[in-house]
Amino acid sequence: MVAKYQRRGGSHNMPKPIFDYSKLSGKIIEVCGTRENFAKQMGIGVGTLSGKLKGKYPFTQDEIYNACLILRITGNEDKEHYFFCLKS
């Protein structure tokens, strides 16, 4: 699947970034015990959470903020470690 991004001089087809949320999944289990507990605290369904962790749906900025509060993730480096690691 290719996402279109606008740039000066027209649009360019660029591959959709793929994020690796495996470290985030581990942190969810470490802090909340289960994905179900985490999803409930986030106010989303387990299926939605699963889709986000598989990269089917993006995390919103509000969801990232709330997840960091729930999981006690502090500092920009930690946030990048869990949310912004692209698969190579």
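**Lys 52 and the ring of Phe 59**

I looked up Lys 52 first. Its charged end sits over the ring of Phe 59, 5.7 Å from the ring centre. I count a charge as over a ring if NZ of Lys or CZ of Arg is within 6 Å of the ring centre and within 35 degrees of the ring normal.

I noted that this is a predicted model, where local features need pLDDT of at least 70, side-chain atom pairs count only at pLDDT 80 or more, and totals for chains, interfaces and linings use all residues. Residues are numbered from 1 along each chain as its sequence is written, and side-chain values use heavy atoms, with hydrogens and water left out.

**Salt bridges**

How many salt bridges does the structure hold? I found 2. The term means a side-chain nitrogen of Lys or Arg within 4 Å of a carboxyl oxygen of Asp or Glu.

I took helices (H or I, at least four residues) and strands (E, at least two) as DSSP runs, numbered from the N terminus.

Buried or exposed? Lys 52 is buried at 6% relative accessibility, and Glu 63 is buried at 14%. Buried means under 20% relative accessible area, exposed over 50%, partly exposed in between (1.4 Å probe, protein chains only).

Glu 30 forms a salt bridge with Lys 27, with the closest N and O atoms 3.7 Å apart. They are 3 residues apart in helix α1, so about one helical turn separates them. Glu 30 is exposed at 61%, but Lys 27 is buried at 13%.

**Aromatic rings**

I found 3 aromatic pairs. Rings of Phe, Tyr and Trp (its six-membered ring) pair if their centres lie within 6.5 Å; planes under 30 degrees apart are stacked, over 60 edge-to-face, the rest tilted.

Phe 19 and Tyr 21 have ring centres 6.0 Å apart and planes at 20°, so they are stacked. Tyr 21 and Phe 59 have centres 5.1 Å apart and planes at 70°, so they are edge-to-face. Tyr 21 lies in the loop between β2 and α1, and Phe 59 in the loop between α3 and α4, so this pair ties together parts 38 residues apart in sequence. Ring pairs link Phe 19, Tyr 21, Phe 59 and Phe 83 into a cluster.

**Leu 53**

I checked the contacts (heavy atoms within 4.5 Å) of Leu 53. Leaving aside neighbours within four places in sequence, Leu 53 touches Tyr 21, Leu 24, Ser 25, Ile 28, Arg 35 and Phe 59.
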